[in-house]
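Please study the sequence and the structure shown below before turning to the notes.

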Amino acid sequence: MNPTADVTAPLPAPAPAPSPLKVAVIIGSNREGRFGPVVADWLLGRLRERDDLTAEVVDAADAGLPTALSHSPSPEVTAELAKITPKLAAAEAFVVLTPEYNHSFPASLKALIDWHYEEWRAKPVAFVSYGGVSGGLRAVEQLRQVFAELHAVTVRDTVSFHNAGASFDDRGHHRDPSAPNAAAKVMLDQLGWWGTALREAKGVRAYGS
């Protein structure tokens, strides 16, 4: 032991806690009478219980994006993109809410995805689906291929509501929340892990460099 060592020296200060991960919750349906906002409210309730994630809603119904893409969008389309693009760019992770229409996901969601590219890259995407017997899972499987092409990382676990309309009461509360709440925790834990890991990795080296 070194007798001249200062045994009373204070320990280093702990590293500050990382800031909450910014999550964009995307409501993919714009259909009249849609069920998406009910599912979104349920999910936002789960997100508010966490201190590692913070959420902002991106609603396909709020932006009239055409399905005809253009490298030189009109002023009208540019104005619509201005409602959504900054939110997607600022997000560090995404949760996509999708119904299933004819074994696939809605055109409004595809348009929202296809009008963007850089905003998805090297970010994680989780899925919450709803529908009839399949619970929207066939739509999710197709979305995984789409997001892989956009260099996003899809998390393994999902939340799926089968016969969704019968699962919630008239106030939008799930009738038996224990199972979906547990599934949401697993999904959001995975989203948080990937989001934090990718944030740290991009802080060291830009993606694609």
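Which residues in H3 meet which residues in H4? In this predicted model, Leu109, Lys110 and Ile113 of H3 meet Leu143, Val146 and Phe147 of H4. The points below place that contact within the chain and then turn to other helices.

**The chain as a whole**

- The protein chain contains six helices and six strands.
- Followed along the sequence, these elements form the pattern β-α-β-α-β-α-β-α-β-β-α-α.
- The C-alpha trace spans about 80 × 50 × 25 Å along its principal axes.
- The protein chain has 209 residues, of which 42% count as buried.
- Among contacts with a separation of 6 or more, 82% are accounted for by residues 24 or more positions apart.

**Helices H3 and H4**

- Two packed helices are described by the angle between their axes and the distance between the axes.
- Helix H3 covers residues 107–114 and helix H4 covers residues 137–149; they pack at an angle of about 10°, and their axes are 12 Å apart.
- H3 is therefore roughly parallel to H4, because angles under 35 degrees count as roughly parallel.
- Sorted by class, the contact of H3 with H4 has five nonpolar, no polar and one charged residues.
- The buried residues of H3 are Ser108, Leu109, Ala111, Leu112 and Ile113.
- The cover over these buried residues of H3 includes strand E1 (21–27), strand E2 (53–59), H2, strand E3 (93–99) and H4.

**Helices H1 and H6**

- Helix H1 (residues 36–48) packs with helix H6 (residues 178–204) at an angle of about 60°, and their axes are 11 Å apart.
- H1 and H6 are therefore oblique to each other.
- The crossing in which H1 passes H6 is right-handed.
- From H1, the contact is made by Trp42, Leu43, Arg46 and Leu47, while H6 contributes Pro180, Asn181, Ala184, Met187 and Leu188.
- By class, the contact of H1 with H6 has seven nonpolar, one polar and one charged residues.
- Ala182 also has its place in helix H6, and it counts as partly exposed because its relative accessibility is 44%.
- Ala182 and Arg46 are 136 residues apart in sequence, and their C-alpha atoms are 10.0 Å apart in space.

- Glu80 lies in helix H2, which covers residues 75–90.
- Is Glu80 buried or exposed? Glu80 counts as buried because its relative accessibility is 17%, and buried means under 20%.
- Leaving aside residues up to four places away in sequence, Glu80 touches Asp62, Ala63, Gly64 and Leu65.
- A polar atom of the Glu80 side chain lies 2.9 Å from the backbone nitrogen of Gly64.
- Lys83 also has its place in helix H2, and Lys83 counts as partly exposed because its relative accessibility is 42%.
- An α-helix has 3.6 residues a turn, so residues three or four places apart point the same way.
- Lys83 and Asp62 are 21 residues apart in sequence and 8.0 Å apart in space, from C-alpha to C-alpha.
- The side chain of Lys83 reaches the backbone oxygen of Asp62 at 3.4 Å.

Methods:
Residues numbered from 1 in each chain as written. Predicted model: local features only at pLDDT ≥ 70, side-chain atom pairs only at ≥ 80, totals over all residues. Heavy atoms only, no water. Axes fitted to C-alpha atoms, helices over the stretch in contact; angles between N-to-C directions. Helix = DSSP H or I, 4+ residues; strand = E, 2+ residues; numbered from the N terminus. Parallel < 35°, antiparallel > 145°, perpendicular 65-115°, else oblique. Left-handed = near helix turned anticlockwise from the far one by under 90°. Contact = heavy atoms within 4.5 Å. Nonpolar A, V, L, I, M, F, W, Y, C, P; charged D, E, K, R; others polar. Buried < 20%, exposed > 50% of the residue type's maximum accessible area, 1.4 Å probe, protein only. Polar contact = N/O pair within 3.5 Å; in protein donor to acceptor, adjacent residues only side chain to side chain.
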